[in-house]
Amino acid sequence: MLTQSGSSAVTADVLQTSESDPLAAYADRSLLIVDDDRPFSTRLARAMEMRGYEVQVAESVAEGVSMVDARAPAFAVIDMRLGDGNGLDVIARLKEKRPEARGVILTGYGNIATAVTAVKLGAFDYLAKPADADEIHGTLMAQPGERADPPENPMSADRVRWEHIQRVYELCSRNVSETARRLNMHRRTLQRILAKRAPR
């Protein structure tokens with residue numbers, strides 16, 4: 001049987017653990033990632049598993065909604081634009097099934113206004129792509145009404161631009177001409193960027 005001082009020590013340990021790893025306070029650590037960018041979702045799933053989440057991945061609105069219906073997760077990271085529709089539909093279904101669930105919408109810079117709609121629908125917050133695992137974890141763990149702490153070493157503007165170009169390049173099946181057209185960029189300029197190392 002614990003003495004009062006022993007009980008206090010245990011409580012202090014729990015508080016210290018939850019401060020250093022807020023996810024430890026959650027019995028259910030299920031996380032659904034819905035994103036049709038497979039390289040990104042694979043990297044993110046691995047990184048979130050390393051942080052203690054139990055991860056499932058869907059690549060479409062239909063698959064995401066189906067997974068929510070089967071087992072509504074405690075946490076969700078959902079891309080706004082998916083091949084078969086809008087990530088808002090997954091957030092809406094998740095909030096129906098599990099109102100207390102915490103969801104983050106990932107959005108391109110041109111969709112910030114729509115992301116605000118996602119927050120009103122019940123998404124916990126939104127992040128502009130490319131977002132890394134630290135940012136996403138911090139946002140999921142933030143308390144309602146507060147913003148997550150800014151990352152210690154955020155990507156530079158040059159790195160964000162480079163990541164965006166790389167993502168479009170991959171989505172265009174590494175076709176330089178098509179990528180340049182979609183980015184409204186000269187082909188030679190794009191080739192020079194692709195030949196360089198990633199900026200810090």
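# Reading the helices and strands

User: Which strands does helix 3 lie across, and at what angle does it run to strand 2?

Analyst: Helix 3 lies across strand 1 and strand 2, running at about 140° to strand 2. Axes here are lines fitted to C-alpha atoms, for helices over the stretch in contact, and angles run from 0 to 180 degrees between N-to-C directions. This is a predicted model, in which local features need pLDDT of at least 70 and side-chain atom pairs count only at pLDDT 80 or more, while totals for chains, interfaces and linings use all residues. Residues are numbered from 1 along each chain as its sequence is written, and side-chain values use heavy atoms, with hydrogens and water left out.

User: What makes a stretch a helix or a strand, and how many of each are there in the protein?

Analyst: Both are DSSP runs, numbered from the N terminus: helices are H or I with at least four residues, strands are E with at least two. By that count the protein has 9 helices and 7 strands.

User: Why are helix 3 and helix 4 called roughly parallel?

Analyst: Two packed helices are described by the angle between their axes and the distance between the axes. For helix 3 (residues 61-70) and helix 4 (residues 88-97), the axes come within 9 Å and cross at roughly 5°. Angles under 35 degrees count as roughly parallel, over 145 as roughly antiparallel, 65 to 115 as roughly perpendicular and the rest as oblique. Helix 3 and helix 4 are therefore roughly parallel to each other.

User: Which residues of helix 3 and helix 4 meet?

Analyst: Contact means heavy atoms within 4.5 Å. Val61, Gly64, Val65, Val68 and Asp69 in helix 3 meet Asp89, Val90, Arg93, Leu94 and Lys97 in helix 4. By class, the residues of this contact are 5 nonpolar, 1 polar and 4 charged. Ala, Val, Leu, Ile, Met, Phe, Trp, Tyr, Cys and Pro count as nonpolar, Asp, Glu, Lys and Arg as charged, and the others, Gly among them, as polar.

User: Why are strand 2 and strand 7 called edge strands?

Analyst: The open sheet has 5 strands in the order 2-1-3-6-7, with parallel pairing. Strand 2 and strand 7 (125-128) each pair on one side only. From one strand to the next, the twist averages 20°.

User: What makes the unit of strand 1, helix 2 and strand 2 right-handed?

Analyst: A crossover is right-handed if, with the strands pointing away from the viewer, the path from the first strand over the helix to the second runs clockwise. Strand 1, helix 2 (residues 38-50) and strand 2 make a β-α-β unit of that hand.

User: Why is Phe40 called buried?

Analyst: Buried means under 20% relative accessible area, exposed over 50%, and partly exposed in between (1.4 Å probe, protein chains only). Phe40 has 11%, so Phe40 is buried. Phe40 belongs to helix 2 and touches Asp35, Leu106, Lys129 and Ala131, not counting residues up to four places away in sequence.

User: Is His137 buried or exposed?

Analyst: His137 has a relative accessible area of 16%, so His137 is buried. It lies in helix 6 (residues 133-141). Leaving aside residues up to four places away in sequence, His137 touches Leu23, Met48, Arg51 and Tyr53.

Definitions and conventions:
Two strands pair if DSSP finds at least two bridges between them.
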